[in-house]
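Please look over the sequence and the model shown here before reading on.

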Amino acid sequence: MTLTGKQKRYLRSLAHHLDSVFQVGKGGVNDQLIRHIEEAIEKRELMKISVLNNCAEDPKEIGGELAEQSGSELVQVIGKTIVLYKESRDNKTIELP
């Protein structure tokens with residue numbers, strides 16, 4: 001499922017008030033981080049992840065990698081903050097326009 005521009009705008013407005021749930025540090029993306037993101041995004045649907053200054057990788061690349069490996073949609077990468085969305089099977093709360 002690919003998000004439309006309108007849906008991304010809506011999700012960005014919802015994500016604006018959220019705090020980062022996870023942080024990507026100098027270890028980068030690993031299997032443990034992906035597993036935690038998959039578990040958490042099933043409960044929340046929308047989440048922010050911040051990339052720490054000690055991480056050498058580009059936040060846009062990390063965002064794409066996280067979205068691909070966790071099976072979620074990349075909503076936005078702004079600065080060092082990544083916003084991911086995945087429709088929940090059991091805890092659906094967000095209705096997309």
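Predicted model: local features only at pLDDT ≥ 70, side-chain atom pairs only at ≥ 80, totals over all residues.

Residues are numbered from 1 along each chain as its sequence is written, and side-chain values use heavy atoms, with hydrogens and water left out.

Helices (H or I, at least four residues) and strands (E, at least two) are DSSP runs, numbered from the N terminus. Helix 3 has 12 residues, 59-70, and should span 16 Å at 1.5 Å a residue, which agrees with the 16 Å between its end C-alpha atoms; the expected span is 1.5 Å times one less than the number of residues. Buried means under 20% relative accessible area and exposed over 50%, with partly exposed in between (1.4 Å probe, protein chains only).

| Class in helix 3 | Residues |
|---|---|
| Buried | P59, I62, G63, L66, A67, S70 |
| Exposed, on the face turned away from the buried side | K60, E61, E68 |

The buried residues P59, I62, G63, L66, A67 and S70 cover an arc of only 130° around the axis, which puts them on the same side of helix 3; the arc is that of the directions from the helix axis to the C-beta atoms. Their cover includes helix 2 (31-44) and strand 4 (81-85), where contact means heavy atoms within 4.5 Å. Just after helix 3, G71 takes a positive phi of about 75°.

The open sheet has 4 strands in the order 1-2-4-3, with mixed pairing, and two strands pair if DSSP finds at least two bridges between them. Strand 1 and strand 3 stand at the edges with a single partner strand each, so one side of each is left without a neighbour in the sheet. Strand 2 and strand 4 run antiparallel and are joined by 5 bridges, and L46 has Y85 in strand 4 as its bridge partner.
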